[in-house]
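User: Could you walk me through reading helices and strands in a protein model? I'd like the general idea first and then the case at hand.

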Amino acid sequence: MQARVYKSTGSWYSVKNSEGKMLHARIKGKFKLDGISSTNPIAVGDIVTLESDNEKENTYIIAEIAQRRNYINRQSPHRRHQHHIIASNLDQSILFATIKSPRTSQGFIDRFLITSEAFHIPGIIIFNKADLYMEKEMMQYEEWALMYRKAGYPVYLISMETGKGVDEVSAILKDKITLISGHSGVGKSSFINAIFPELNLRTEEVSDWSGKGMHTTTFAEMFDLPSGGSIIDTPGVKEFGLVDISRQELSHYFPEMRALIQQCQFNNCLHINEPGCAIKKAVNEKQIHMLRYISYCTILETIDEGSQKSKGKTNR
Ligand SMILES: Nc1nc2c(ncn2[C@@H]2O[C@H](COP(=O)(O)OP(=O)(O)OP(=O)(O)O)[C@@H](O)[C@H]2O)c(=O)[nH]1
Ligand SMILES: [Mg+2]
Ligand SMILES: [Zn+2]
């Protein structure tokens, strides 16, 4: 019997079969998965094959995972080289950001977008808590909206308090599998509650002094939307660690740069000081936003080539 994983809480998985019935399943013994070193072999969104475990208790064993169409990884916060698969078989990935309580940084948004590009999953940015934005925050929003739309990303402004933009965003979820991520306290669960009131997910006041919230959601979980499609709520993240991205690759994950890379004089151009660089020219001519370019340079600095090379060797 085939089923899709809706929730993973460690040793037990909630899976839904083709008849729409939610079942309990677990892994038995060691589970091998096609060469991916992951702290969790099974992710929300996986299609699995079940075998009966205990007929009396109606539990199942996960015998097999179908090939993933795609997946999103996060670096394990404790062990740098261990990856954690957050979700698989996605159609799109939404970042919930806020310009106030808490404030999301551009670097955080850009790292999210790079991750989406690297996994070939369309990225969307939603700014929530519009009701809290004064003139200063609105100016910041307008600048970012323009910048990210020009780079090719859809941007929305919404408020759970006033209901602004909720219908518009609900429409883009229809018949798609959508992953939602963002800092803790930005309103991810509140949004899912708003479009799906019968769900009643736990949400919490932002009570931490840093304004960053207290991690109300603790496991990724998928929900079917009444209008068709599914949405995956995830626990808040502090940082998107870039998984296995080399310095040479980085500009390929900035869509506005990707289009111009071929025009650089050197094919190994990192777009810093090289002569004949089409990216620097585009920045000077304001075709590429200066802030996106600065972000590129900052992130490039953080990529540690040494550890990637040595890892490549041990894999061979
Ligand atoms: N003013 C205002 N508050 C909001 C809005 N959306 C959500 N909130 C509040 O923000 C707080 C955090 O919301 P949650 O939905 O729990 O945030 P979350 O992103 O799911 O957080 P984690 O589960 O910890 O990752 C709650 O007190 C919400 O009521 C909004 O549009 N405006
Ligand atoms: Mg939540
Ligand atoms: Zn260049």
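User: In the hairpin of β4 and β5, which residue takes a positive phi?

Analyst: N58 does, with a phi near 60°, and four residues lie between the two strands. A note on sources: this is a predicted model, where local features need pLDDT of at least 70, side-chain atom pairs count only at pLDDT 80 or more, and totals for chains, interfaces and linings use all residues. Residues are numbered from 1 along each chain as its sequence is written, chains are lettered from A and ligands numbered from 1 in the order in which they are written, and side-chain values use heavy atoms, with hydrogens and water left out.

User: How many bridges pair β4 with β5?

Analyst: Two strands pair if DSSP finds at least two bridges between them; strands are DSSP runs (E, at least two residues) and helices are runs of H or I, at least four, numbered from the N terminus. Here β4 and β5 (residues 59-65) have six, in the antiparallel sense, with T49 opposite E64 in β5. Strand β1 (residues 2-8) also runs antiparallel to β4 (residues 47-54), joined by three bridges, and R4 faces I47.

User: Which residues of helix α3 are buried?

Analyst: An α-helix has 3.6 residues a turn, so residues three or four places apart point the same way. In α3 (residues 166-173), V166, V169, I172 and L173 are buried (under 20% relative accessible area; exposed is over 50%, partly exposed in between, 1.4 Å probe, protein chains only). They lie on the same side of α3 because they cover an arc of only 125° around the axis, taken from the directions from the helix axis to the C-beta atoms. Exposed D167 and A171 sit on the face turned away from that buried side.
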